[in-house]
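Have the structure open while you read.

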Amino acid sequence: MKNNKIKTSGLVLMIISTIFGFANTTVAYEQMGYASIIWYVLAAVFFLLPSSLMFAEYGSTFKDAHGGIYSWLAGSIGEKWAFIGTFIWLSSWIIWMTSTASKVWIPFSTTLFGGDRTQSWQFLGLNSNQVIGILAILWILVITWFAGRGMDSIARIASIGGIFSIALNVIFAVASLTILYLNGGHMAQPIHGLSSFVQSPNAQFQSPVALVSFIVYAVFAYAGTESMGGVTDNMDKPEKTFPRGLMISALIITLGYSLTIFLWGISTNWQKILGNDQVNLGNITYVLMNNLGYSLGEGLNLSAAGSAFLGTLFARFAGLGMFLGYLGSFFVLVYSPLKSFIMGSNPHFWPKRMTKLNKQGMPAFAMWVQAAVVVVIIFFVSFGGSSAQQFYVILTNMGNISTSFPYLFLIGAFPFFKRRQDLDRPFEIFTNRRLTDTIVGVVLFVLVAGIGFTALAPILDHDYMTAFWTIIGPIFFGFVAWAFLQYQTWRSNRAHKLVEKPSEN
């Protein structure tokens, strides 16, 4: 059995495949250029490393629990706060579905047409954002219908998307280095000393508030480490394997992100390629891949038509890979987080219909409730009258904030978890109470600063619509969870009183 245990090399591969996202680098380059690198390094040091070690302790201690992070929080701060925190965690997946259901049509369009045509889609007087909103609603409803009937075998498409993703990274690296060689070592985005790595070329990221808000983008890029905490019991010598694997993978991921962002400067001049209204956070990956192929064609002295064809080929390859990945992921994520939360939490917190599974083992009613919530959010965001650029900024900020917010609960609960004396801790890194509280405080400060400034930046720019949708997700779902608990507690108390009255007589 020892041979089946996860060793350091296997753990490193698991962590990298879970966390590293190619599309995160294109968003970082569009938002901050070379200046995004320093924020990714800071996020790795002050968030990725300490939080992952905390999650490892949670996971190893509660290894027999089946509720995921709900079990971690319930064992640290009690079931009610655990319910609220996990409900907000579930909302991050709901917001992810809201955002991705709208963005998925960009790789679909790129695969078919060789570029993003979504901004020109109009139908029956509806503008492009509204058409995409309608398509996103249909996407959610169709996938919920199929997944609710157990037809999730299409999720295997995600593995094909994974192959495309690996190939995409290889093609990008080889093409970028080839362009650098063919251009005699000259970068498309010139480096003007240290200022290029500190100051963003993007006019929207010039103020100190906007700069600090970018930390949320970096935290989002490192999200997913909590899923690694549950496999410590399957590791070979976890007390050594996990911290070693974590530090190695954190170094590789941080270098990978930093190097990839830097390599985009070989083919992409920010002002020339990104400084226009046609580029947004939804299509940025395909715009950069198209430009990469075109730049490679120019370096190889191809004709203009040949370079354009190569650019289109690169964009279509990226579009197909991303579309297949999204399609496969949706068929899993439309039910997996929801089912895990409902089945792992206290059943008394839920109405019976929410916890009931159908013949296929799916929480069908709960899935349709989730679909209805996603549909409503998509409708209001897409019909809100924003421009295409603002539309995708709203979707991206919503996803980043909702993903970062649950970490406030997980990190904040850690000192309470450490104070419990009745737990068996097979894996323990944080042994000094004062140092532990200090590290928790630093990580919480980073998260609060990032979330706070992300919400504050559009307010200072008087962009109240973006500000509203940026922060409403966690606040709304947190309130819903609290109200839900209050209602269920009231019903439970009322039922007990009705039972007690006859006995009194």
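A pocket here is an open set of grid points with protein on both sides within 12 Å along at least five of seven lines. Keep in mind that this is a predicted model.

With that in hand, the second largest pocket comes out at a volume of about 580 Å³. Its lining takes in 28 residues, and Gln 31, Asn 202, Gln 204, Phe 205 and Val 393 lie nearest the centre. Helices H2, H9, H12, H18 and H21 each give two or more residues to that lining, with the largest share, four residues, coming from H18. By type, the lining residues split into eleven nonpolar, 13 polar and four charged.

Now for the rings. The whole structure holds 46 aromatic pairs, and here are two of them.

| Pair | Centre to centre | Angle between planes | Geometry |
|---|---|---|---|
| Phe 87 and Phe 341 | 6.2 Å | 80° | edge-to-face |
| Phe 172 and Trp 264 | 4.3 Å | 40° | tilted |

Phe 87 sits in helix H5 and Phe 341 in helix H15, so their pair ties together parts 254 residues apart in sequence. Phe 87 counts as buried at 12% relative accessibility, and Phe 341 is buried at 1%. Phe 172 is buried at 2% relative accessibility, and Trp 264 is buried at 0%.

There's also an aromatic cluster whose members include Phe 47, Trp 72, Tyr 407 and Phe 417. Arg 425 lies over the face of Phe 417, 4.5 Å from the ring centre.

Methods:
Residues are numbered from 1 along each chain as its sequence is written. This is a predicted model: local features need pLDDT of at least 70, side-chain atom pairs count only at pLDDT 80 or more; totals for chains, interfaces and linings use all residues. Side-chain values use heavy atoms; hydrogens and water are left out. On a 1 Å grid over the protein atoms alone, a cavity is a set of points where a 1.4 Å probe fits but cannot get out, and a pocket is an open set with protein on both sides within 12 Å along at least five of seven lines; lining residues have an atom within 4 Å of a point. Grid points are joined across faces, edges and corners, and a volume is the space filled by probe spheres set on the points. Ala, Val, Leu, Ile, Met, Phe, Trp, Tyr, Cys and Pro count as nonpolar, Asp, Glu, Lys and Arg as charged, and the others, Gly among them, as polar. Rings of Phe, Tyr and Trp (its six-membered ring) pair if their centres lie within 6.5 Å; planes under 30 degrees apart count as stacked, over 60 as edge-to-face and the rest as tilted. Buried means under 20% relative accessible area, exposed over 50%, partly exposed in between (1.4 Å probe, protein chains only). A charge sits over a ring if NZ of Lys or CZ of Arg is within 6 Å of the ring centre and within 35 degrees of the ring normal.
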